[in-house]
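Reader: I would like to learn how to read features in a protein model. Please take them one by one.

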Amino acid sequence: MRKLYFLYSTFEEFPNDRVDLTELFSSGIADRGHRIDWHMHPAEISDGGVRQVGVNERVFLCAKKPSSSVRARWENSLSRLGHTLSLIGLIKQNPYDFVQVRDQILGALIAVIGCALARRPFVFWMSFRYVEADLFKARDNTLGLSLAKRIMLFIRGYVSAQVLYRVILPRAHHIFVQSDRMEDDLAERGVARSKMTPVPMGVKWSKIGGSEVAPADEAWLQDRLVIVYVGTLVKARRLDFLVEVLDFVRVECPTVLLVLVGDGSISDMSFIERVIETRGVQDYVHFTGHVQMEKAWSLIKAAKLGLSPLRPSPMLDAGSPTKVMEYLALGCPVVANDQPDQSKVVRESGAGLIVPYDVRRFADAVVTLLKSPADAERMGQLGPDYVRRHRSYEAMTPLLEAKYLELFGCPEGAPRPDGSIG
């Protein structure tokens, strides 16, 4: 089997712990013998340059100074811009089988130019609909954004949409999308389904399912019916919905405790805290703040239910929620609303209940399972095997590798689809 060599540019910073990067690529594609050059920005102070980070991986970084002054921040911005422009040189200098850019608009535009000059296939990886998110936030009056911020988001979203849909995607040899719904959305915009492949979020089974995760046993969990939400507590996700659900649930289940695992900005946390205080449910909510992944898993194991309400919107409807896969992998039954990808997972596995995005319907589903522990336990037991077979990175990596080889694994000396030589 031919081994591939490709460049992957992403705006995530290095080092990065996103599981779809570390597990699907570093511990997946690279461990199967394929070479990856990462093009990233440093998370910490750096002189830039090239670092070897694995037998088959190296990362190209730009310089980053301490952002202690306006001048330093400007210099860092210019450094990032220069790093993005350097994609053209990297593409021309290295014999990549293809070049893949994740989510970036400017980076993808520069890569398209570089690939055209070097006659390399260009691939776009869309993990989130950032363009639609900007436009949605610009029009959403409930987020409390200033007029100037909303205008900026609208301009950025509009310009980015023109570049993405008129320049970048039409010139992509292939497009990897986050979900079936995202594929449907792009197809409606004229993108051929034959050049798209959905790659949803998953979990590393050897970490979450291959070892015993002990339930958390903190004193504040004792004698409570624990329901858990894992994720960033940003205002745009409208977690006031969960607080309203809790307000109804506590009437039927007075010992319920909603554990919110994650954090947000100061303003986002102030918003959710005000909603909790207004509803008078302070004694029914516990914030953990940011915790390590293993700790989050132990809290899920201690819970009776995992919750995943996703506000209907263009930016979330096309997503693939990792939290649902974690709940199921750990044997925790789920109550979720009818967002496409999580609906598919929960219904196919049978490991929970799917309801409309409605406070009373959601609360009724939570109460139903809390009052029927045998049914909830039976549902929870269906989750791990489903995740292992369908949504583990161990199962997904060979499928992604096969797609790459189908697209770019031409024999040495044979012409690629774009006319360049393999």
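This is a predicted model: local features need pLDDT of at least 70, side-chain atom pairs count only at pLDDT 80 or more; totals for chains, interfaces and linings use all residues.

Reader: Which way do strand S9 and S10 run, and how many bridges join them?

Author: Two strands pair if DSSP finds at least two bridges between them. Strand S9, residues 225-230, runs parallel to S10, and 6 bridges join them.

Reader: Is Gly383 buried or exposed, and what does Gly383 touch?

Author: Gly383 lies in helix H16, residues 373-390. Gly383 is buried, with a relative accessible area of 0%. Contact means heavy atoms within 4.5 Å. Leaving out residues up to four places away in sequence, Gly383 touches Leu328 and Ala351.

Reader: Now charges. How many salt bridges are there?

Author: Side chains of opposite charge can pair when their charged atoms come close. A salt bridge is a side-chain nitrogen of Lys or Arg within 4 Å of a carboxyl oxygen of Asp or Glu. By this rule the count is 33.

Reader: What does the salt bridge of Lys207 and Glu23 tie together?

Author: Their closest N and O atoms are 2.6 Å apart. Lys207 lies in helix H8 (residues 205-208) and Glu23 in helix H1 (residues 19-29), so the pair ties together parts that are 184 residues apart in sequence. Lys207 is partly exposed at 40% relative accessibility. Glu23 is buried at 5%.

Reader: Which residue forms a salt bridge with Glu13?

Author: Lys64, with closest N and O atoms 4.0 Å apart. Glu13 belongs to strand S1 (residues 5-14), and Lys64 to the loop between strand S4 (57-61) and helix H2 (70-85), so the pair ties together parts 51 residues apart in sequence. Glu13 is partly exposed, at 30% relative accessible area.

Reader: Which residues are linked in a network of salt bridges?

Author: Glu12, Arg18, Asp20, Arg102 and Asp103.

Reader: Where is Lys195, and how far away is the nearest side chain of opposite charge?

Author: Count Lys and Arg as positive and Asp and Glu as negative; His and the chain ends are not counted. Lys195 is in the loop between helix H7 (180-188) and strand S8 (196-198). Lys195 is buried yet has no salt bridge. The nearest side chain of opposite charge, Glu183, is 12 Å away. Glu183 does meet Arg193 in a salt bridge, at 3.5 Å, N to O. Beyond neighbours within four places in sequence, Lys195 has contacts including Leu169, Pro170 and His173.

Methods
Residues are numbered from 1 along each chain as its sequence is written. Side-chain values use heavy atoms; hydrogens and water are left out. Helices (H or I, at least four residues) and strands (E, at least two) are DSSP runs, numbered from the N terminus. Buried means under 20% relative accessible area, exposed over 50%, partly exposed in between (1.4 Å probe, protein chains only).
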